[in-house]
Amino acid sequence: GRKYRIVVLPGDGIGPEISKVALDVLRCLGPEEGIEFEFQEKLLGGAAIDAVGDPLPDDTLEACKDSDAVLLAAIGGYKWDNNEPCLRPERGLLGLRAGMGVFANLRPAIVLPQLVDSSTLKREVAEGVDIMVVRELTGGIYFGQPKGFGKNSDGEPIAFNTEVYSVSEIDRIARVAFEIARKRRGELCSIDKSNVLEASQLWRQVVTDVGKDYPDVKLTHMLVDNAAMQLIRDPKQFDTIVTNNIFGDILSDEASMLTGSIGMLPSASVKTSGPGLFEPIHGSAPDIAGQDKANPLAMILSAAMLLKYGLGEKQAAERIEKAVTITLDNGFRTGDIMAPGKKLVGCTAMGEQVIKALQAIERVY
Ligand code: IPM
Ligand code: MN
């Protein structure tokens, strides 16, 4: 059988609870698919700050670079919110993304038929939404130099960051996005602020140039403020979106809420070759940590993305997605997606239901 080494980063808050559930799902799936997983747990974020005084310990980054794929739960919490910047959990996550070189962040926002009524949008607006946001993840204002604190010519304190993109950085993320759009509805919308920002002018030009290699994909451009509005007004007009790091951060949160709960959505961060990083879009939810209330489905679906995009194990990934669908069809809901007439379950029980569904599918094969 195939054998994969997976680094698991449970992180903080609800991270350990949802990690346990996702690993149980993978352990159940493995034998049926002829896949052997070797899991190695490492420290990241607040947990790593507490244990070794560093949000991204060297041995964590080395293990991740040396793995076949990385499964990350969530990092952060009130406890570290007042730490100095280099001792913040978020630093660990940004360092990991940059250190692994995973420049393409794929964030699907799909309104599942079972959860249409969890959306805050009207049924006719939300029903059938299926968007893939491709976010550039290792460049732009998050990493641009110069940045920092200083003083202006009047001696007044200032702070500054730099939005910077090179042609090659835009070229490679555009190619990932065109490839994805080609396998979907064949429509790519590039989102920028080219009416104001030079970095966005270059973005638009390079994406347009790359588009010449993809004549089968319909490319459009949209300004980010308009896009923020269009996502709420008529989300179904979007198929695949490509955008820079910070616009992608903001728009993917907005897109995720079209679906009703951020607790449902996975993400994949990949590069052209080498291990990818797979994590739910949601955070560490410290307010419900340790209470067995968290929705583990985004984490389980992140494991599915790991199989599909990280290991090329499409059939195994689809089995997990099917099991999640069956679990929702059977009426099980965590608090974030609870609705009248449904069965309220906690994190562990939701995981058990997914495993039950997984086993039911396996018996059919
Ligand atoms: C995300 C998060 C991170 C980001 C933070 C925690 C650094 O919001 O994954 O979207 O801004 O990228
Ligand atoms: Mn974010």
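**Helix contacts and the ligand shell**

Author: In this predicted model, Leu 61, Cys 64 and Lys 65 of α3 meet Leu 96, Gly 99 and Met 100 of α4. By class, this contact of α3 with α4 has 4 nonpolar, 1 polar and 1 charged residues.

Reader: At what angle do the axes of α3 and α4 cross?

Author: The axes of helix α3 (residues 58-65) and α4 cross at roughly 40° and come within 10 Å. That angle makes α3 oblique to α4. The crossing of α3 past α4 is right-handed.

Reader: Turning to the ligand, which residues are around ligand 1?

Author: Ligand 1 has Glu 90, Leu 93, Leu 94 and Asp 249 around it. This shell divides into 2 nonpolar, no polar and 2 charged residues.

Reader: Which helix gives the most to that shell around ligand 1?

Author: Helix α4 (residues 89-100) gives the most, with 3 residues.

Reader: Now to another pair. How do α1 and α10 pack?

Author: Helix α1 (residues 15-33) packs with helix α10 (residues 297-310) at an angle of about 45°, and their axes are 9 Å apart. Angles that are not roughly parallel, antiparallel or perpendicular count as oblique, so α1 is oblique to α10. α1 passes α10 in a right-handed crossing.

Reader: And which residues of α1 and α10 meet?

Author: From α1, Ile 18, Ser 19, Val 21, Ala 22, Val 25 and Leu 26 meet Met 299, Ile 300 and Ala 303 of α10. The residues of this contact divide into 8 nonpolar, 1 polar and no charged.

Key. Residues numbered from 1 in each chain as written. Chains lettered and ligands numbered in written order. Predicted model: local features only at pLDDT ≥ 70, side-chain atom pairs only at ≥ 80, totals over all residues. Axes fitted to C-alpha atoms, helices over the stretch in contact; angles between N-to-C directions. Helix = DSSP H or I, 4+ residues; strand = E, 2+ residues; numbered from the N terminus. Parallel < 35°, antiparallel > 145°, perpendicular 65-115°, else oblique. Left-handed = near helix turned anticlockwise from the far one by under 90°. Contact = placed C-beta atoms within 7 Å. Nonpolar A, V, L, I, M, F, W, Y, C, P; charged D, E, K, R; others polar. Near = placed C-beta within 6 Å.
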